[in-house]
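Thanks for coming, everyone. Let me put the structure on the screen, and then we can walk through it.

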Amino acid sequence: MKNPYMIRMNVIEDCIDYTNVGGLAHYDFYHPVEGIQKDEMDCMHFSVPETKDVGYHEHSWGCETFFISQGRMECCVLGRRFYMCPGDLLHIQPYMGHSFKPAAPDTKLNILFQTMDMANTTASRLFMQQNFPGVFESPETQKVLDVHYGRIPRTFPAGGYVPEEEVRELRRDGEGLITHTCDLTTLQLKVGRWETHGEKEIWALCMKKGAYAKWQKNRPEYHMFYVTGGKVAFNVWEAHDKTVEFTAESQSLIRIPPYRPFSFEALEDARMYDLDCGALLQDLLEEINTLKIQDPDKLSDSRFMKNLYERFSFFYTDFNIIP
Ligand SMILES: [Fe+2]
């Protein structure tokens, strides 16, 4: 039986949809949720580099966050060409030209969407291709769809390659915009709230065995995690007296729907993205750093700290993942 909370990204049967046309496979993991159409994710799997390119284009709304899980991708962003490797993350905002060309066999490009509604775009394409052959591919239809989905086709830039470290939109493996370290976890801010229309932050959690967090409150938001290394145990409360327990391994997505308390714990050294961090975690960690220097006694004042956590929408009820 399918685990309702976890998708093993390399297992076709776990996906909500899978198509493979001409050597380009699409794995659909999740459709969007909530008013801002967040937490939608899929994967493009290019079996050979010659399969197909994603042409240079930009969007007039939404965000796209790209992860390479295997292979190598030649990217072009804002006119600069560079390579993206497994473990790297690339975050694209509106009016930023971007394109992708696989540069190694079996390259997998995982894409997290915000306010893009890719599921409807794909459904429309499939409907037209199945029922009105040739219509979808016609320039007239493409023009209409570009307007409808806020997509702006662009001429491929003539610019050359630049060193990866010059591309600010590329967040390389092991690096964060800002890094915070505590005993059992290193937190790397991968995408700031200022880059997601204020909706969320994306963090990489490098956890040692025993790092854990528990969210015991019933709240209306979705949560989504992406495990990229090690093993992480999850518990999801489906009722006051019923929990579902499972272990997520590398290349697993976990999505917790609203009103289900949950917890996670690293069973061994593990790496995991929080793809949808609703807390203002960067702000909270700044406040904690200031307290450490200016008023360290406050850190053991549980009432004061509880108020501080709530002020920054950090609703975990028990944890050792932050200082
Ligand atoms: Fe795009």
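Tyr-226 is buried, at 2% relative accessibility. Buried here means under 20% relative accessible area, exposed means over 50%, and partly exposed is in between, with a 1.4 Å probe and protein chains only.

Two words on the basis. This is a predicted model, where local features need pLDDT of at least 70, side-chain atom pairs count only at pLDDT 80 or more, and totals for chains, interfaces and linings use all residues. Residues are numbered from 1 along each chain as its sequence is written, and side-chain values use heavy atoms, with hydrogens and water left out.

Now the aromatics. A pair of rings is described by the distance of the centres and the angle of the planes. How many aromatic pairs does a search of the whole structure find? It finds 24. The rule: rings of Phe, Tyr and Trp (its six-membered ring) pair if their centres lie within 6.5 Å; planes under 30 degrees apart are stacked, over 60 edge-to-face, and the rest tilted.

Take Phe-67 and Tyr-226. Their ring centres are 5.4 Å apart and the planes stand at 85°, so this pair is edge-to-face. It links distant parts of the chain: Phe-67 is in strand β6 (residues 63-70), Tyr-226 is in strand β18 (residues 223-229), and 159 residues separate them. Strands and helices are DSSP runs numbered from the N terminus: E with at least two residues for strands, H or I with at least four for helices. Phe-67 is buried as well, with a relative accessible area of 2%.

Next, Trp-215 and Phe-262. Here the centres are 5.9 Å apart and the planes at 15°, so the pair is stacked. Again distant parts of the chain are linked: Trp-215 sits in strand β17 (residues 212-215) and Phe-262 in strand β22 (residues 262-266), 47 residues apart. Trp-215 is buried at 6%. Phe-262 is buried at 0%.

Both rings belong to one aromatic cluster. Its members include Tyr-5, Phe-225, Phe-234, Phe-246 and Tyr-309.

Charges meet rings too. The charged end of Arg-72 sits over the ring of Tyr-83, 3.9 Å from its centre. Lys-298 does this with Phe-304, its charged end 5.1 Å from the ring centre. To count, NZ of Lys or CZ of Arg must be within 6 Å of the ring centre and within 35 degrees of the ring normal.

On to the helices. At what angle do α3 and α4 pack? Helix α3 (residues 281-294) and helix α4 (residues 302-311) pack at about 150°, with axes 10 Å apart. Axes are lines fitted to C-alpha atoms, for helices over the stretch in contact, and angles run from 0 to 180 degrees between N-to-C directions. That makes α3 roughly antiparallel to α4. Cut-offs: under 35 degrees is roughly parallel, over 145 roughly antiparallel, 65 to 115 roughly perpendicular, and the rest oblique.

The crossing is right-handed. Which residues meet? On the α3 side, Leu-284, Glu-287, Ile-288 and Leu-291; on the α4 side, Phe-304, Met-305, Leu-308, Tyr-309 and Arg-311. Contact means heavy atoms within 4.5 Å.

Most residues other than glycine have a negative phi. Leu-78 is not a glycine, yet its phi is positive, about 50°. It lies in the loop between β7 (73-77) and β8 (80-84), and it is partly exposed at 42%. Gln-251 also has a positive phi, near 65°. Its loop runs between β20 (242-248) and β21 (252-256). Buried or exposed, Gln-251? Buried, with a relative accessible area of 15%.

Gly-79 is also in the loop between β7 and β8. It is partly exposed, at 22%. Leaving aside neighbours within four places in sequence, Gly-79 is in contact with Tyr-56, Pro-157 and Gly-159.

Last stop, Val-244 in strand β20. Beyond its neighbours within four places, Val-244 is in contact with Tyr-5, Phe-234, Asn-235, Val-236 and Glu-238. Tyr-5 and Phe-234 are both in the aromatic cluster. That's the tour.

Conventions:
A crossing is left-handed if the near helix is turned anticlockwise from the far one by less than a right angle, and right-handed if clockwise.
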